[in-house]
Amino acid sequence: MEKIVAYRHNTMQINSIDTFLGVKGGYNNGQRDVYFVRALGEGRGLADAIYQADKRMCIEMSRSRLWYVRLQSLPQLCEAEDVSFYSKVYEEWKQSGEIRLRQMISSEVLERVMSAGLAEVLAKHRTYKQAVSDSMLRNFAAKILFWTEQVLGEALGTWNEKNCMKIIAEDVTKEQEYLFFYFVTLLGCDVLLLENRKDAEVAEELKDLSQKLVLGQFGTGRLPEYKPYEHELEQEAAKGTADRKREVAMKTPANAGKEINEVRRGNVRVTLPERNRHRNQAGEGAASAKKGYVEKTFEELAQLASSIVMIAVHDSRQEVIGTGSGIMIGRAGYILTNDHVVSGGSFFSVRMEDDEQIYTTDEVIKYNYNLDLAVIRIAKQLNPLPIYHGTKKLVRGQKVVAIGSPLGLFNSVSDGIISGFRNIRDVGMIQFTAPISPGSSGGAVLNMQGEVIGISTAGIDNGQNINLAVSYEDIRTFARGFYSL
C-alpha cells in the first residue's frame, strides 16, 4: 500500500507576494512543505502586483513548471443533481474511506491524502461551529468535494506529491470557504488569500492555520480580471520571426521543421504526398462547391449574429463583474463560451438579438480549463450555428469574420484573415486578424460559409490584431452531446 503524504505548513516567513510565488515546498521522506497565507489590506500597487503575478505564473505554467489559478469567487453548489452526487460521495466515503469523484484521480496516494484532509477539515468545522448537525456536516462536505473538482479540475488527473500548485483567491471571508482553502493545502497547494477588504470572519484558532501578511490598510479596490492566456500570448508574440513562420499545430517531432500536409476523414488524419497536395485541395474545393459551400456576403454573415449572445457575469452580490460572448450550439438552450468568462461568476445573464428578455442562469454544464471552453444552459429554445466539419484544411490568408460583444458593444461584426496557427499550452489555436477586444471572448470566428471554425479566446493588448481562437476540432470534441442543429 502506498504511503500517505504529510504536510507541514508555513515553515518560513512569507513577507511579500513575490516570496509566496517563488517558494516551492520541498518534499523529503514523505513530507511536503506548503504555505497558507492571508494577505491583509491593499498597500501600494496591489493591482499591478497581482497582474505581474498572473503573468509570471502563467508563463511558468506554460513551461510545465507548476500549476496555477487565481479565483475571484467559488462557484455555487445549487444544482440538485450535483448536490445529490456529492452528498452520495460523502456518504460512501464515510463507509469505505474512498472518494470517487467525476474527475479522474491520478493515484491512490492522492485519494488517501484527500480522505485524510476531508476528515481533518470536517473535524475542525465541527469543533469551531456551534450545533453542527449531521446534515449540515454532509452539506459542507459536499461543497468541499464540489469545489475541489471545480477549482483543481484536470490537475487531479496529473497530481503527484512533488508538483508545485499555487492558488490565489480573493475576498475569502466565510468560514466554509476559508476551510476549503485550508483543505487544498492538505492536497499540496500553496494558497494566498487576498483579503484586501476585510479579514476572514472565522475563529482565532482557525486564523492560526494561516500565516498573516499585512500589505496595508483595508480598502475597496478591485483587482484585475484573471486572463490566463494573455501572458502566454505576449510570450508567444515575443518569440520572433522564426516562430511566427512556423505553424506549430501542423508539425510533429518526427518531422521537425517540415510541414505535414493533411486532410481529415472523420476523426482520421491522412498525410498526403507532397505531389498530391495541391491537386487534393483543389478537388476538395470543387467538392465543397458541389455540396453547397458557397461563400456568403459580409451582409449575410452579419445576420448570423442572431445566434451569438452577450453574457454578463454577476458575483454573489449580484453586481456585474464582467462581460463576454457566447455561441448557440444546441437547441435545448446550450451556449458555448470561454471557461475564463464564466469561472469567476455566481450566475450569468444572457442577452440575444431580437429578444427583449434577459435570461439568467447559474448552470455551467461543462468546462475545461486547458481548452478554455465552457457550456452554460438557459431556459430557451435556440437557433444554433453550424460547426465546421473540417472538409478542407484551414490555411493562412483565409478570410474570416468575428462576431462578439467587445467592451459590451453587443454583437459587433469584424472581418480579417487567418494569420497563423499557434500552440498555447498544448492547445492548437487559430491566430486571426479580425479585431476583438475584452468582451469578445466566447464569440464566434466564422468562415465565409457561415460555419464556426473557432471561438475567440484572447488577444494581445499591445499587439495589433494578434488574436487567438480555440479551433473547431477541440470545439466539436468538447461539445459532443450538446451540439445539435
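**Core organisation and helix packing in the predicted model**

G333 lies in the loop that connects β12 (320–330) with β13 (334–337). In this predicted model, the residue is buried, its relative accessible area being 0%. Leaving aside residues up to four places away in sequence, G333 touches I376, R377, I378, K380 and L382. The C-alpha atom of G333 is separated by 9.0 Å from that of N383, which lies 50 residues apart from it along the chain.

The protein chain as a whole comprises 13 helices and 23 strands. Of its 485 residues, 52% are buried. Among contacts with a separation of 6 or more, 70% are accounted for by residues 24 or more positions apart. The chain exposes about 22100 Å², and carbon and sulfur atoms supply 47% of this area.

The largest contains 81 residues, and I167 and F181 have the most contacts inside it. Helix α5 provides the largest share of this core, with 10 residues. A second, separate core consists of 42 residues, including A305, L336, M429 and A479.

F181 also belongs to the buried part of helix α6. Excluding residues up to four places away in sequence, F181 touches F36, L71, L74, I167, A169, V172, V191 and L193; I167, one of these partners, is the other residue with the most contacts inside the largest core. Helix α6 spans residues 175–185, and because 10 of its 11 residues are buried, the helix is largely enclosed by the rest of the structure. The buried positions are E175, E177, Y178, L179, F180, F181, Y182, F183, V184 and T185.

Helix α5 (residues 134–152) also packs against helix α3 (residues 80–96), the two axes coming within 8 Å and crossing at roughly 105 degrees. An angle of 65 to 115 degrees counts as roughly perpendicular, and α3 and α5 are therefore roughly perpendicular to each other. On the α3 side, the contact is made by D82, F85, Y86, S87, V89, Y90 and E91. The contributing residues of α5 are L137, R138, A141, A142, L145, F146 and E149. By residue class, the contact of α3 with α5 comprises nine nonpolar, one polar and four charged residues. In an α-helix, residues three or four places apart point the same way, because there are 3.6 residues a turn.

Conventions: Residues are numbered from 1 along each chain as its sequence is written. This is a predicted model: local features need pLDDT of at least 70, side-chain atom pairs count only at pLDDT 80 or more; totals for chains, interfaces and linings use all residues. Side-chain values use heavy atoms; hydrogens and water are left out. Helices (H or I, at least four residues) and strands (E, at least two) are DSSP runs, numbered from the N terminus. Buried means under 20% relative accessible area, exposed over 50%, partly exposed in between (1.4 Å probe, protein chains only). Contact means heavy atoms within 4.5 Å. Accessible areas come from the Shrake-Rupley method with a 1.4 Å probe; for residues, only the protein chains shown count as cover. Axes are lines fitted to C-alpha atoms, for helices over the stretch in contact, and angles run from 0 to 180 degrees between N-to-C directions. Angles under 35 degrees count as roughly parallel, over 145 as roughly antiparallel, 65 to 115 as roughly perpendicular and the rest as oblique. Ala, Val, Leu, Ile, Met, Phe, Trp, Tyr, Cys and Pro count as nonpolar, Asp, Glu, Lys and Arg as charged, and the others, Gly among them, as polar. A nonpolar core is a set of buried Ala, Val, Leu, Ile, Met, Phe, Trp, Tyr and Cys residues joined through side-chain atoms within 4.5 Å.
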